[in-house]
Amino acid sequence: MIKKFLFVLLCFVAVNVNARQVITGSLTDKETTKPVEGANVELLQLPDSTIVEMSKTNSEGLFVFYKADTIKTYCLRVKHISYKAMLFPVVSKKKSMINNVGALALTPSMYSFKEVVVNGTRVKVTELGDRTIYGIPDGIKKTSTDGLDVLRKVPSVQVDYFNENITVNGKSNIKIEVDGITRDKEYLKKLHPSQVDKMEVITSPSGKYDADVDAVINIVTNPAMRFGLKGMVNIMALPVNSHTYMGRANGSLDYGVEKISYYIAANGMAQDFNFITDMNRTSGVTNLQRNSSQTTKGGNGNVNLGLIYDPNELNNLNLNVSYNNNASNGNSEAWNYNHLNGVMNSISKTISNSNNNNDGFSSSVFYKHKFDKKTQHGYEVELNYNTSLNNTSTTDFQNVNYNPNDPSLETSRSPWQKEYNNIHRQTVSGQSNYTLPFDSVYSFNMGISGNFNKYSVDNTSSVAPVQNLDYTDFRSGGYAELSRTFKKGSIKIGSRFENSHVEINSSGSSNYFSPLPYANGYYKINGDNSIKLSYSRRVIRPGVGQLNPFVSVVDSQTISRGNPNLKPAYRDNFQLTYNVKVSVKKVTVNFSPQLFYEYKTGLIQSILSYNQDRKIYESVPENISDGYEAGGGLSVNSQIAMVMFNSNFRYSFNHVDKYGTQIEATNQRNWNWNSFVMCPLPKNLKFISIFNINGPVLNGQTESKMSPFYIVGIIKQFKNNSTLNFMAFNPFAKRFFDNTVTLRNNTINQRTESYMNMKNAFVVMYSYNFKVGKSVEKQKHNVEQQGEDNGFKLPF
């Protein structure tokens, strides 16, 4: 009897154990295939639709249910404010304790191309292991002129208004992508602001990217905005006087039908500025004082055209062709006053006229294929070709000597001399990447890449025989990485491998093999708190200008040349970031404090020293000693009542080891702060302010200081989809772009100050855009979300 009872009991336990089942899966955007975070998922028991369990997707779109069993039938009900409510059946798997339903695609709520009616908008800050994702609110789109202007308003990203150079946390080698495809900043100017959906700032790039990339900015667009006809025209003017000005204009036109869209864009800039430079150099008993003035006049232009072809949901093809041109001419006059033991012993003047032209042609093709609609399983291939067309630099110069006792008396004048450089450049690059998701929580990525660079520099000088540069670099690389997502986080580990074969002037070849590991992890403590840790090893490669052995003698007091023996430098970077959201009534603030440490080996820095053979000072780039940088930062993205405020602050301690007799072991503290403020005013006006301040920057021998840069302005929105901006640049500054560079070692003490010769600058910008197209679906909604959310309402 007891045996029968135990047998029945064991059978009952076995049945119940086998009946238990975990149901898991993930949600993705049907258009972009990106994970959908924050969706409410309900497990319903059929046929009465009783709610068994509820879950909310994490940052990777994952959900998990633990209360299901194998003998009942279920379905999933999914709700999200940005997607249509949907039901998904759960296929029964009676013999498995884990039922993985795979990736479920959600259909976005579509908008009219003629009219988008939104009662409220929210900006959302999403943290992942290697990146921060900023959802772009409607208020920023309406006050921006193009995609590049939208980027200016993202925390941790800096875009200057004059040269439009992009930096991330002070790093300048930035890769630009749009929907994961390599682009340039000129392409961003063609983006209609309404096309921009999200900005991904990747501060820990994976092995997919070249090892010299400091950060990646990926702009995610709204696929629905490709359809119809749309265009925009932007005009900017900075008038100071007839000899000091800057003007910029750009326009674009896009047309899209069901499966294909075409675009063409063009932009141009013209400027004329005057720069003043004062230099004081002391070495032993000698002293040099220099006062120079340089006028630079020039411009640039770009034409960009291409197509995007989506034959179905599994394939995507992009083709882009562009032409770029930069041209400038400059006139300089530099007075040199040499002293020996405090007594002036020579006066000279160097007059120079320069002409530079740099134009080139670029083309790229990108193809992406997915094996199924529900997962990221697929591959992508990208090919790029870049060639120069007419890259030349010509400088005519003349030296004039004067009597030190009577500066008005000319004693000698050299004939006009010339330096000429003709640069031929060709680059062919390609890469292929493969993604394999498995077991719903793992993803394996791998890829290969190749990059062929050829630079030929023909150098000519009327002063002395010179050496040309013939530089070839073939770089092959590959990477492999494995990532895993958890209910509250993710982890990724991988490595990139690069081998460079470099030949310079057929004097032999060098091979550099670089293993470049990286790893990052992310943990979501709760809806308002998360933490992430990352490590990566990066490469700093010398540029062509640093390698060119050409000796320039335009400066009669200091000659300069490149160094073909330079080697790559390396950086090991560690980052720890904590993210917290604080919401109190009408105040919502996202804080991201950060700690970082970066160790640098073989730093490349120009070394100034006295050349005993030539009896003159010489500047040559060298691989100097090692160093490190350690510090912290704070990024803030907030809305305080009606005011939008973004800020990014970094503070660091820098150290450079001793290098021969040129650099003593040096320590320096540095900081920088960038902020953006926008708030509404009556009559469809908005106030905008941008502020940038930098502390001293240590770079080998030199310490640099830049004056603060700030903008205040008013934006007027009109009903015809146009805006008028009026902005004042540095309205209270004594000097414009005042930059001071100090060099100290055991033989030289030098201080150089340069600034733009104007005090005030006022900018007027006008932007007009239009959208014409057939409505796909109209939806009027209010986005006042309830429950957990990483965003906030923006009242514009």
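The following legends describe close-up views of a predicted model.

**View 1. An open four-stranded sheet with mixed pairing.** The strands of this sheet are arranged in the order β31-β32-β36-β35. Its edges are formed by β31 (551–552) and β35 (604–611), each of which pairs on one side only.

**View 2. Parallel pairing of β32 with β36.** Strand β32, spanning residues 558–561, runs parallel to strand β36, spanning residues 616–623, and the two are joined over 3 bridges. Within this pairing, T558 is placed opposite Y617 of β36. Strands of a sheet pair through backbone hydrogen bonds, in either the parallel or the antiparallel sense.

**View 3. The salt bridge between E42 and R77.** The structure contains 34 salt bridges, and one of them joins E42 to R77, with 2.6 Å between the closest N and O atoms. E42 belongs to strand β2 (residues 40–45) and R77 to strand β5 (residues 74–80), so the contact ties together parts that lie 35 residues apart in sequence. E42 counts as buried because its relative accessibility is 9%, under the 20% cut-off. R77, in contrast, is partly exposed, with a relative accessible area of 27%.

**View 4. The salt bridge between D210 and R496.** The side chains of D210 and R496 meet at an N to O distance of 3.3 Å. This pair links distant parts of the chain, 286 residues apart: D210 is in the loop between β14 (196–202) and β15 (215–221), whereas R496 is in strand β28 (residues 489–504). D210 is partly exposed, its relative accessible area being 24%. R496 has a relative accessibility of 4% and therefore counts as buried.

**View 5. The salt bridge between R541 and D212, and the network around it.** R541 and D212 form a salt bridge through their side chains, with an N to O distance of 3.3 Å. Here too the partners come from distant parts of the chain, 329 residues apart. R541 is located in the loop between β30 (529–540) and α5 (544–547), and D212 in the loop between β14 and β15. Through salt bridges that share partners, D210, D212, D473, R475, R496, E498 and R541 are joined into one network.

Methods. Residues are numbered from 1 along each chain as its sequence is written. This is a predicted model: local features need pLDDT of at least 70, side-chain atom pairs count only at pLDDT 80 or more; totals for chains, interfaces and linings use all residues. Side-chain values use heavy atoms; hydrogens and water are left out. Two strands pair if DSSP finds at least two bridges between them. A salt bridge is a side-chain nitrogen of Lys or Arg within 4 Å of a carboxyl oxygen of Asp or Glu. Buried means under 20% relative accessible area, exposed over 50%, partly exposed in between (1.4 Å probe, protein chains only).
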